[in-house]
Amino acid sequence: MNPRTTTPNTGLLFKLKQALPHPAYTLLRSCLTDRMFQVRHQEAYTTLHPILAGVPQGSILGPILYTIFTADLPESEQTLTATYADDTAILASHEDPIVATSKLQTHLYRLEQWLQQWRICASESKSTQVTFTLRREECPPVHLNGRPIPQSDKAKYLGLHLDRRLTWRTHIHAKRKQLELSFKRMYWIMGRHSQMSIENKLLLYKTILRPIWTYGIPLWGMASQSNITILQRFQNKVLRTIVNAPWYIPNRVLHTDLLISTVREEVTKHGTTHKDKLIRHPNQLIPILLEEQGPKRLKRYNPNDLTHRFS
């Protein structure tokens, strides 16, 4: 079928009609059909062209409509599918890398059929296959739409950098670079010679810089102390800059006087809060995540250990 003669958002409208009452369906249909676009270059405009797919970018209903459209995404008992907005991860686990790859490839075959049925184009080159293991073996490559998915030792998912051994070193180094760039842009207002009050400088740090490295802390808090120290050194540097502290003032005094928690204290605090949320979650399957799953290796931590790791 020629896509230019296809009714706009045919698949989405079909699913909306099945899932919603008729008045709600007709209202959404009016928002998704008969939409046009044009391109402007300087003072020149192109002619109007119809929009044959997609929803208005940045709209409030965009994520909801996407969730409805992908609600029937293929699943398998052999794999775990994790979705958030348009980011999808498929996980397959087995001691034998060949078996793990076979499970993953079987799921991808089903995903190909679903993508073809609903006329969705997936970019194989933008996807990544990562083997999470402490061993040296690599899982054989998998294919999507007949093309191999690039293999890598790390992947970025929902703002978290996942490395092959899950040491979180890659994530912490990426956040450290991001923090350094952000701090340089703000140095004129937070630096030693700035006339801004210490209270406002601390407010900027708490609202702009600290959220950068605390994001995902219940997970990357399992990193080794040497990696966590990387972020602690950055916080020490910022606090010393804010108050223009001389070299002989200990860092612990700065944290105490400014009422700023150390990175280790933040790990424990967020880990405790995260654990409490899991325990009180209405889904009875969620608290099971806190149970021990097999023996630990290399003195590694899991999210359940963060409540008392640095206490």
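Contact means that heavy atoms lie within 4.5 Å of one another. With that meaning in hand, this report examines the packing of helices, and then selected residues, in a predicted model.

## Two helices side by side

Two packed helices are described by the angle between their axes and the distance between the axes. Helix α5, residues 169-190, packs with helix α8, residues 225-243, at an angle of about 5°. The axes of these two helices are 9 Å apart. Angles under 35 degrees count as roughly parallel, and α5 and α8 are therefore roughly parallel to each other.

Which residues of α5 meet α8? On the α5 side they are Arg169, Ile172, His173, Arg176, Leu179, Glu180, Phe183, Tyr187 and Met190. Their partners in α8 are Asn227, Ile228, Ile230, Leu231, Phe234, Lys237, Val238, Thr241 and Ile242. By class, this contact has eleven nonpolar, three polar and four charged residues.

Helix α8 also holds Gln225. With a relative accessible area of 43%, Gln225 is partly exposed. Gln225 and Arg110 are 115 residues apart in sequence, and their C-alpha atoms are 42 Å apart in space.

Helix α4 covers residues 97-117. Its 21 residues should span 30 Å at 1.5 Å a residue, and the end C-alpha atoms are 30 Å apart, which agrees. The buried residues of α4 are Ala100, Thr101, Lys103, Leu104, Gln105, His107, Leu108, Leu111, Glu112, Trp114 and Leu115. An α-helix has 3.6 residues a turn, so residues three or four places apart point the same way. The cover over the buried residues of α4 includes α1 (10-19), α3, β5, β6 (87-91) and β8.

Ser102 also lies in α4, but this residue is partly exposed, with a relative accessible area of 42%. Ser102 and Val142 are 40 residues apart along the chain, while their C-alpha atoms are separated by 8.4 Å.

Lys103, one of the buried residues of α4, is in contact with Gln78. Gln78 is found in the loop between α3 (62-69) and β5 (80-84). Leaving aside neighbours within four places in sequence, Gln78 is in contact with Ala92 as well as Lys103. Gln78 and Ala92 are 14 residues apart in sequence and 6.8 Å apart in space, from C-alpha to C-alpha. The relative accessible area of Gln78 is 45%, and the residue is partly exposed.

## Helix α10 and a buried glutamate

Helix α10 runs over residues 263-279. At 1.5 Å a residue, its 17 residues should span 24 Å, and the end C-alpha atoms are 24 Å apart, which agrees. Val263, Glu266, Val267, Thr268, Gly271 and Leu278 are buried in this helix. These buried residues pack against α6 (198-214), α7 (217-220) and α8.

Not counting residues up to four places away in sequence, Glu266 touches Arg210, Trp213, Ile217 and Ser261.

Asn145 and Leu158 each have a positive phi value, although neither is a glycine. Phi of Asn145 is near 60°, and phi of Leu158 is near 55°. Asn145 is found in the loop between β8 (143-144) and β9 (147-148). Leu158 has its place in the loop between β11 (154-157) and β12 (160-163).

## Cysteines and disulfides

A disulfide is a covalent bond between the sulfur atoms of two cysteines. How many disulfides does the structure hold? The structure holds zero disulfides. Cys121 is exposed, at 81% relative accessibility, whereas Cys139 is buried, with a relative accessible area of 15%.

## Accessibility of selected residues

| Residue | Relative accessible area | Class |
|---|---|---|
| Cys121 | 81% | exposed |
| Cys139 | 15% | buried |
| Asn145 | 33% | partly exposed |
| Leu158 | 31% | partly exposed |

How values were computed: Residues are numbered from 1 along each chain as its sequence is written. This is a predicted model: local features need pLDDT of at least 70, side-chain atom pairs count only at pLDDT 80 or more; totals for chains, interfaces and linings use all residues. Side-chain values use heavy atoms; hydrogens and water are left out. Axes are lines fitted to C-alpha atoms, for helices over the stretch in contact, and angles run from 0 to 180 degrees between N-to-C directions. Helices (H or I, at least four residues) and strands (E, at least two) are DSSP runs, numbered from the N terminus. Angles under 35 degrees count as roughly parallel, over 145 as roughly antiparallel, 65 to 115 as roughly perpendicular and the rest as oblique. Ala, Val, Leu, Ile, Met, Phe, Trp, Tyr, Cys and Pro count as nonpolar, Asp, Glu, Lys and Arg as charged, and the others, Gly among them, as polar. Buried means under 20% relative accessible area, exposed over 50%, partly exposed in between (1.4 Å probe, protein chains only). The expected span of a helix is 1.5 Å times one less than its number of residues. A disulfide is a pair of cysteine sulfur atoms within 2.5 Å.
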